[in-house]
Amino acid sequence: MLAYLARRLALAVLTIWAITVLSFVIIKLPPGDYITSYIAQMSASGGFVSEAEVQALRREYGLDQPGYVQYLRWMTMVLHGRFGVALEWKRPVSEVIGDRLWLTMVVSVAAIVVTWALAMPIGIYSAVRQYSTGDYVATFVGFIGLAVPSFMLALILLYLGFKYFNASIGGLFSDRYAEAPWTLAKVWDLARHLPLPTLILGFAGTAQLVRIMRANLLDELGKPYVVTARARGLSEWRVILKYPVRVALNPFASTIGYLLPYIVSGSIIVSLVLGLPTVGPLLLRALIAQDMFLAGTIVLLLGVLTVVGTFLSDLLLLWIDPRIRLEGKQ
Amino acid sequence: MPTDGRPILEVRELRTYFFPEEGTVKAVDGASFEVFPGRTLGIVGESGCGKSVTAKSILRIVERPGRIVGGAIHLRREGGTDPAATIDLATLDPAGLEIRHIRGGDIALVFQEPMTSFSPVHSIGNQMVEMIRVHTRLDKAAARERAVEMLRLVGIPRPDRRIDEYAFQLSGGLRQRAMIALALSCHPRILIADEPTTALDVTTQAQILDLLRHLQAQERMAVVLITHNLGVVAEMCDEVVVMYLGRVVERGPVDAIFHAPKHPYTRALLRSIPSIRASVRTKLPTIAGSIPHPYNRPPGCPFHPRCPDVIRGVCDRSEPGPRPVGPGQTASCFLYEESP
């Protein structure tokens with residue numbers, strides 16, 4: 001067991017290294033660099049950047065060096081816990097991300113909680129009462145949820161909110177709280193803005209989860225161990241929840257690996273449409289501006305979280321599934 | 001015959017149909033038999049003849065879209081001397097408290113595949129303790145003690161350690177022993193064993209059958225043994241019910257069934273057992289044709305298209321009812337019509 005964990009850990013480190021190389025290459029891939037997009041931005045707004053200034057900027061950020069030197073300098077910084085300066089914001093990357101991280105996590109966790117709280121009971125019901133009216137309704141709504149892109153749903157709701165309630169329902173705060181310091185009133189304002197993005201973000205996930213749970217559970221319901229459990233005189237809900245539902249939940253443990261990066265990035269497009277101050281749109285902007293420090297840090301963070309999440313879900317599977325835990329031990 | 005001559009379980013004209021979208025499947029279509037205390041009833045027939053559905057019907061655990069559409073299942077109440085003190089299981093609410101007390105408490109079930117009959121993610125002890133606590137007032141520690149005792153009773157070595165293992169950690173034979181221990185842990189009056197040895201190798205089969213016989217004598221249970229293995233029937237059973245396409249075609253004492261089979265189907269079944277006395281390189285006789293598709297039941301006697309003794313114009317017109325053909329033996333066949 002310990003040898004297994006050690007091997008997994010070594011592989012995880014290797015994977016993260018590969019992620020740093022890949023993310024660096026991908027960010028460097030488009031022609032030009034931050035300075036060219038900076039110049040373009042300045043001239044678009046009627047400004048002017050002198051050649052000397054350009055050279056100075058390039059030197060300052062090390063952009064005049066060859067690629068591998070830039071990579072090594074970046075890695076050295078990262079390994080020392082520094083992530084550089086977000087070029088566009090002229091502030092340390094950790095601060096820029098940190099500002100948005102908490103709000104992103106609040107929105108994402110709310111969406112995940114809503115998704116699971118809705119999807120599990122509906123999925124179980126749909127499977128246990130297969131082909132009932134309720135199952136058909138859940139299936140119908142579920143397919144709509146799967147088919148409609150979340151940003152479309154967001155746009156429609158924004159439009160409806162604007163047209164019929166004359167209210168802008170985007171964002172996470174009302175205008176007067178957006179820049180205000182944290183107070184109870186601001187928290188309450190956040191709580192009032194939270195349901196809409198939570199529902200939009202959770203809808204597609206819920207639909208998907210319902211389908212998966214229904215399919216997993218249908219696979220299990222006819223198994224002999226369910227019939228024997230029933231034949232032992234247990235009540236029906238106990239039979240269902242203790243045995244097939246428990247087995248049907250196992251595959252979900254492996255989805256934790258994807259949940260973790262989702263929690264810190266959130267959904268990029270929906271956040272953009274709804275104007276949510278989360279990490280997702282930040283990444284998009286950084287990529288457009290070719291801000292390699294900010295984009296690199298976010299991509300690296302997501303990569304590391306994916307690896308950590310996968311590692312955690314493997315541990316979780318070991319813990320909950322004796323078939324995996326005791327494999328090879330008779 | 002039985003000690004007081006009264007059956008502990010009496011199945012009358014049981015009909016269990018399935019209603020999928022494609023039509024009706026008459027899985028059990030008028031099955032009648034009795035189960036006597038301390039004795040073993042064998043239910044035999046080919047795959048798909050309704051043996052297992054009969055067992056599930058008795059426990060009221062037939063899955064949708066199946067349901068009992070007719071007949072009665074009378075279970076004698078415990079310690080009842082009054083012959084009228086029976087309960088009709090067919091009329092109970094399948095989710096109700098009454099039938100749940102009977103499941104596992106009065107009537108227990110052992111399945112063919114012990115591997116898949118245990119939960120893959122719960123230990124054997126977990127499932128045993130759960131069942132004991134559902135049917136008794138024992139606390140956790142006492143229930144565990146009884147579970148260990150039951151595992152020892154069925155011959156599992158080091159039961160105090162095996163109890164915390166999972167089904168996939170045991171060998172096939174031990175697994176089926178554990179399944180039997182689980183089924184018997186609340187001392188049921190009737191044990192229904194649905195193909196209990198089919199998935200096991202021959203040596204283990206013999207051991208499990210010995211164990212069942214031994215436990216039956218010790219617990220004074222009635223056993224309903226469902227199988228397609230006529231060798232097992234000959235070895236284990238007192239009475240035999242032969243089923244074909246959901247109907248009981250012949251029933252009687254085991255000796256009569258084996259030595260004086262009356263129904264053409266029973267005869268054909270017995271002919272298809274390989275015999276050690278047969279000359280070498282002879283082809284084993286088989287039953288002509290195959291089992292009809294469940295949506296395409298033949299009219300009249302369900303066996304007539306495959307029957308060597310078919311009476312044209314009779315067997316394909318109407319269905320024969322059970323007729324007495326010997327002491328305690330009946331056959332549903334027009335060959336034994338008294339006034340043809």
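In this predicted model, R232(A), found in the loop between α11 (224–231) and α12 of chain A, is buried (under 20% relative accessible area with a 1.4 Å probe, protein chains only) yet has no salt bridge, the nearest side chain of opposite charge being that of E130(B), 4.1 Å away. A salt bridge here requires a side-chain nitrogen of Lys or Arg within 4 Å of a carboxyl oxygen of Asp or Glu. Leaving aside neighbours within four places in sequence, R232(A) is in contact (heavy atoms within 4.5 Å) with Y243(A) and with residues of chain B, including Q127(B), E130(B) and M131(B).

Q127(B), E130(B) and M131(B) are also among the buried residues of α4(B), and what covers the buried residues of this helix includes α12 (236–242) of chain A together with α5 (140–153) and α7 (172–184) of chain B. Helices are DSSP runs of H or I with at least four residues, numbered from the N terminus.

D291(A) lies in the loop between α16 (279–288) and α17 (292–320) of chain A, and its side chain reaches the backbone nitrogen of L294(A) at 3.2 Å.

Residues are numbered from 1 along each chain as its sequence is written, and chains are lettered from A in the order in which they are written. Local features need pLDDT of at least 70, side-chain atom pairs count only at pLDDT 80 or more, and side-chain values use heavy atoms, with hydrogens and water left out.

Key: Buried < 20%, exposed > 50% of the residue type's maximum accessible area, 1.4 Å probe, protein only. Helix = DSSP H or I, 4+ residues; strand = E, 2+ residues; numbered from the N terminus. Polar contact = N/O pair within 3.5 Å; in protein donor to acceptor, adjacent residues only side chain to side chain. Lys, Arg positive; Asp, Glu negative; His and termini not counted.
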